Amino acid sequence: MDPKTQHWTLLAAIILAQAAVAPAELIEGFENPAAVDTVGGKLSAVSGGQGLTEGTSAGQLPAGATVRIPVPAAKLSAAAWLKLDVAVVEPVTCAVHVGFRGTGLSTRRRAYMAPGAQCLALPLSVPLNDANRDAWPDDGNVVIEFGNDAQAPLIVDNLRLEPPAEAPPGATLVDFGDPSDAAWPGFAPAGITHPLVIWSGEVTVRDGAPGFPDPLGGDFVGARLTQRAVREVARLRLDAKGPHRGWLWVTHYANRWMPPMEYGLRNGDALVHERHSPAAMLSTQGLLRGRDGDWTPQWFADTHAERFVRLVELGTIRDGEKLALLNCQLAAAVVAPAEQREALDAYVTGVETDLRRYRRQFVVGRTVHARCTVAPSDGEQSSGLMVFRAGGERRFAPDFSPQESDRLERLELHTAPGLRTVGVVALAPVDDAAHLSAALETLRNAEGRPLLLDADATTVEMLATVPRVADGQVGLYPWIRRESIKHVTGGDLVYAVISVAVRDAVRPGTYEGFVRVKLAPGAARVPIRVRVHACKPRAASEARLIALSDAGADEAHRALIEALPNRRAADLRSRTRAIACGLDGLLLQGPTLSRKLRLRSRPIEDALATYPREAARGPTLFDARQALGQLRGSAHPRTSAAHKALRGWTAAVRRQADGTLRGPRADFVGWEWNVKNLKAMLPKAAKLRAVGGRPAICLQVSDLAAVKPAQRAALLRPYRLLILYPDHARTHDVIAHYKRTVDGGKVYLMSSPPDRYVIGFYAAAVDADGACLSDVYMSDGGPYDGFHVRGRALLVPQDGGAFAHTLATVVLQQGRSDGRLLRRAMALLTVAEAAGADAAELDAVVADIRRHARSHAGGQTAGAFNARGAVVDQLDDWRRKLLRTCQTVQQRLDERAATPQ
């Protein structure tokens, strides 16, 4: 037997040794590869010695190939597990996928297999839940797909369906949560009313699934968790008399994995009790959990998962046993007669083993991050640093690997006086570095004159990575802006963001210098050239940016604020930081109305007390949603209590805001995502306008584009500020019609997360007055948990409650500069036309941008960490052409002005 055959035989023998001993139905043994439907490659037989498998051979599945096996739906309905023996030949983690296709069914899950032999195990409740179904099709076949997404062949054998593990006699197994959610094999799905648990009703109990990464711990019943202690008592009702033993899976994280300050569980004794100080909540024990993690499958199973779902042994319990829950919820329970103690403990151990395997294969199976595989030159070896360009849509991909052609000799940036330009480079230390940081040295032109920069806005920062889990893979995305990065492994890529803000008084020309990169040990210099193009006049009006999420609007941010000793100071700090991102105004809490329509003005007083009013030059929005929600009906006479209450609300806003805010104000009535809701809002908005309010509303362009102009005008007439989600090619038409309808009305585009194109060229081209952003703080919850990071937030928390800027602020700042440039270009065209100067080249570039914007929707596309709307290369090309042609036209105007007429 040749060595290769011996290798295959050994791996297959390991598979056989690991085959499940529970009763199972073999669906495919891969004894006859020619009879198996295979696409994308040929399935071949791998055979070895006697007793190799249940038969005589296994299948070798090449890279990129998929096997498709039809299975009667009835067999799936009778089973709980799909299991497949897999052997990974190469010493790397390999990606595979499992899919199910049938009548009204199409699901797919990705898994990751470690080197060697193992059993792929997928609970069948998972694909059902993915397909939003509670049962398999009534009849016919379901096609099971198994695909090799790796770069090397795999051995596959013994595809089988298995029942759940046998529970101890008399046991009750309950998986709580919405009954339509996935239940762990062998557990009965249960909602709030399951007879095992009787709630005291002291607080509102609900069921739900906040997104935990496995079916058993991923759903719950209990009170809604908060930062302040919420207590509820549950009583266990046992069917059989006599003592029982019990185990509980307990969750103690609120929506999106936000931890409470304190949680606990008692049944007379304190079974679980954990309390965090404010300092701990602002550390890796609390809101920043995961920041210090390795994000490997082993780390996740041993450390991180245990922090979200805790297994608690109840010990001996009797019928009516009371459980006192403090800020925690029940995910699952197992109880059995006391004499079944050993069987019960063994069963729970088996469940935990299966959970660990499921998480390792389908939740966190592989971690990828940007690495450099290019060999350093002698000069790079001496300096200790390699530098690469980071262009195109792949610039922030976690698996980016630069090629020789990506080497960067000099970073070149283009801008104009009064504008900002942003460049990104990828740095790769040749050897391990204790820290990595950079700074911009003085740039000078050929005459030795220094480039005048806005010192507060010019920065060179590193991007620290955050984990993002999807399809079992952890991608480490560069996202958080830091002055320095510590402990960089040789060959790892670290992105540096160079943001250069040029003063208005700068003389156009070419300025050169260096970005000095500090390594520990050593230092290196990266050449940089900034071309400053002549481009004036400044546009008469600048686009503004509003944040539609207040400091207290994000659930996770509220947790952060409550963890700090001085909430008011924290609010001021966070709002000031938001304004420093480039925002001109924020959404603030307006007054509230009681059920009796009595005015409570304290919220607006608190909001204005912690608002950086001098820095906020754009519109400030006051949240009117709560007040309008208290109004009942829509046909109140002018003398009604509702009318008086609304007049009092408006007067309170005017009294508090007018004279204290530099910019205008508007009253935000909410998001209305269809015309029906907009019609229902019309009477309230009209009343708000009639008593002196300035209503603002957020709508989709696609809804408005489908309405006849006359009806649209009637629906929009009360609003002084329109916030549009640009999901339709007729965005410009809708804006133009609205501005003709409402004298002085302003239009802002919704862009969340910040989209460089929407904020910049698109907004200017469709004549919008600015843009609005939501998700300013955090990012769909805590920034480090890995499961809800979407790259939207401008600010994320750090130790001690400080906030760090993210990559999203780079997108925002570059987009804003793009918009200013286009507005300048349009203003310059007007000047050139009046002077009779040739501006054909500039006119062609502006027309191209306008044509694109007015024939395409400006909404976001998938991939929150990359640019959207228009590709990065197109945006950069437009920017360079605008700067070049603006300078040409400006030179012609200057020459005409210098020539005697």
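Which residue of β34 is the bridge partner of L413? In this predicted model, the bridge partner of L413 in β34 is V530.

**View 1. Strand β26 beside strand β34.** β26 and β34 (residues 523-532) run parallel and are joined by five bridges. Four of the five residues of β26 are buried, so the strand is mostly covered, taking buried as under 20% relative accessible area.

**View 2. The five-stranded open sheet.** The strand order is β26-β34-β33-β28-β31, and the pairing is mixed. The edges are formed by β26 (411-415) and β31 (484-488); each has a single partner strand, so one side of each lacks a neighbour in the sheet. From one strand to the next, the twist averages 25 degrees. Strands of a sheet pair through backbone hydrogen bonds, in either a parallel or an antiparallel manner.

**View 3. Helix α20 on the sheet.** Helix α20 packs on the sheet and touches both β26 and β34. The direction of α20 makes about 55 degrees with that of β26. One of the two strands touched, β26, is an edge strand of the sheet.

**View 4. Helix α17 against helix α20.** The axes of α17 (residues 756-765) and α20 come within 12 Å and cross at roughly 35 degrees. The crossing in which α17 passes α20 is left-handed. On the α17 side, the contact is made by R756, Y757 and F761; on the α20 side, by V872, L875, D876, W878, R879 and L882. Six residues of this contact are nonpolar, three are charged and none is polar.

View 5. D818 lies in helix α18 (residues 807-835) and R879 in helix α20 (residues 872-898), so the pair links distant parts of the chain, 61 residues apart. Both D818 and R879 are buried.

View 6. K83 and E162 form a salt bridge in which the closest N and O atoms are 3.1 Å apart. Because K83 belongs to strand β6 (residues 81-88) and E162 to strand β11 (residues 154-162), the pair ties together parts that are 79 residues apart in sequence. K83 and E162 are both buried. The two residues also belong to a network of salt bridges that links K83, D85, R160 and E162.

View 7. The side chains of E262 and R275 meet in a salt bridge, at 2.6 Å from N to O. E262 is in strand β19 (residues 262-266) and R275 in strand β20 (residues 270-275), 13 residues apart. Are the two partners buried or exposed? E262 is buried, with a relative accessible area of 12%, whereas R275 counts as exposed at 59% relative accessibility. Side chains of opposite charge can pair when their charged atoms come close. The count of salt bridges in the model comes to 46.

Technical notes:
Residues are numbered from 1 along each chain as its sequence is written. This is a predicted model: local features need pLDDT of at least 70, side-chain atom pairs count only at pLDDT 80 or more; totals for chains, interfaces and linings use all residues. Side-chain values use heavy atoms; hydrogens and water are left out. A salt bridge is a side-chain nitrogen of Lys or Arg within 4 Å of a carboxyl oxygen of Asp or Glu. Buried means under 20% relative accessible area, exposed over 50%, partly exposed in between (1.4 Å probe, protein chains only). Two strands pair if DSSP finds at least two bridges between them. Axes are lines fitted to C-alpha atoms, for helices over the stretch in contact, and angles run from 0 to 180 degrees between N-to-C directions. Contact means heavy atoms within 4.5 Å. A crossing is left-handed if the near helix is turned anticlockwise from the far one by less than a right angle, and right-handed if clockwise. Ala, Val, Leu, Ile, Met, Phe, Trp, Tyr, Cys and Pro count as nonpolar, Asp, Glu, Lys and Arg as charged, and the others, Gly among them, as polar.
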